[in-house]
Amino acid sequence: MNPLCSRCNLVVYPTEKVNCLDKYWHKGCFSCEVCKMTLNMKNYKGFEKRPYCNAHYPKTNFTCVADTPENLRLKQQSKMQSQVLYREDFEKNKGKGFSVVADTPELQRIKKTQDQISNIKYHEEFEKRKMGGEAPHPPSSPSPAYQPSAGSQNYNYEPAPEPVRQAAGGPPPSAGKRYRAVYDYSAADEDEVSFMDGDVIVDVQQIDEGWMYGRVERTGQQGMLPANYVEAI
């Protein structure tokens, strides 16, 4: 059965049938809704299943909305809930595992202070060397004489007489190593020792290239000291 034309509602025969916009048309009835210009499959434009020419094709019109407080609130809420901003921030910060901090004079001072105070690496190496020198030769369990005394762990204590310190298993004696201070130095940590220019440092032990352990002959205090502040006598 032949379909009816969508324009004139008459029967459309196959020789004059145009199948477009989900409808059937006569070739003469397939025209613009406004100017009635006859159209074809190449120059028509469909809108709501109606044919239009290029000049009369309906254009989308935007409605202006006033920026009322309620609309502004909805706009702000939508912006906060939008995932677009989060994705943009993620793409910008992707691959950045740190935050840029301005190198202010205050931060430089704090960094310098931390560098002066932090001697964990030197302390660990010193403790390892000290424990290695105090370990007894026999592999048996260590006797109380070889246990590090409480005084040997606090470098600012008043030293006991030399014979008592040797009997308690202290560091190997090195009385032959004497150094003279060439600069003033103030202890930055409790296990360091302060001295003045010209002081004689005795019983010096080399911890590593940057630090030593010794006793200031003038004050009797002992502890760690920087190697570049003294010179050998």
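Start by selecting Tyr229. This residue is partly exposed, with a relative accessible area of 26%. Bear in mind that the model is predicted.

**The ring cluster**

The rings of Tyr185 and Tyr229 form an edge-to-face aromatic pair, 5.2 Å centre to centre and with 70 degrees between the planes. The pair links distant parts of the chain, 44 residues apart. Tyr185 sits in the loop between strand 5 and strand 6, and Tyr229 in the loop between strand 8 (222-226) and strand 9 (230-232). Is Tyr185 buried or exposed? Tyr185 counts as buried, because its relative accessibility is 12% and the cut-off is under 20%.

Ring pairs link Tyr183, Tyr185, Phe195 and Tyr229 into a cluster.

**Glu192**

Next, pick Glu192. You are in the loop between strand 5 (179-181) and strand 6 (200-206). Glu192 is buried, at a relative accessible area of 1%. What lies 3.0 Å from a polar atom of its side chain? Show the backbone of Ala188: its nitrogen is the atom at that distance from the Glu192 side chain.

**Two positive phi angles**

Go on to Asp203, in strand 6. Asp203 counts as buried, at 19% relative accessibility. Check its backbone: phi is positive, about 50 degrees, although the residue is not a glycine. Most residues other than glycine have a negative phi.

Jump to Lys36 for another case. Its phi is positive too, about 65 degrees, and Lys36 is not a glycine either. Look for Lys36 in the loop between strand 2 (23-26) and strand 3 (45-47).

**Around Tyr57**

The structure holds seven aromatic pairs. For one of them, select Phe47 and Tyr57: the ring centres are 6.0 Å apart and the planes meet at 85 degrees, so the pair is edge-to-face. Phe47 lies in strand 3, and Tyr57 in the loop between strand 4 (50-52) and helix 1 (69-81), so the pair ties together parts 10 residues apart in sequence. Phe47 is partly exposed at 32% relative accessible area. Tyr57 is partly exposed at 28%.

Lys45 lies over the face of Tyr57, 5.6 Å from the ring centre.

**Zoom out**

Finish with the whole chain in view. Six helices and nine strands are there. Of the 233 residues, 23% are buried. The accessible surface comes to about 17000 Å², with 55% belonging to carbon and sulfur atoms.

Terms used. Residues are numbered from 1 along each chain as its sequence is written. This is a predicted model: local features need pLDDT of at least 70, side-chain atom pairs count only at pLDDT 80 or more; totals for chains, interfaces and linings use all residues. Side-chain values use heavy atoms; hydrogens and water are left out. Helices (H or I, at least four residues) and strands (E, at least two) are DSSP runs, numbered from the N terminus. Buried means under 20% relative accessible area, exposed over 50%, partly exposed in between (1.4 Å probe, protein chains only). A polar contact is a pair of N or O atoms within 3.5 Å; within protein, one must be able to donate a hydrogen and the other to accept it, and residues adjacent in sequence count only if both atoms are side-chain atoms. Accessible areas come from the Shrake-Rupley method with a 1.4 Å probe; for residues, only the protein chains shown count as cover. Rings of Phe, Tyr and Trp (its six-membered ring) pair if their centres lie within 6.5 Å; planes under 30 degrees apart count as stacked, over 60 as edge-to-face and the rest as tilted. A charge sits over a ring if NZ of Lys or CZ of Arg is within 6 Å of the ring centre and within 35 degrees of the ring normal.
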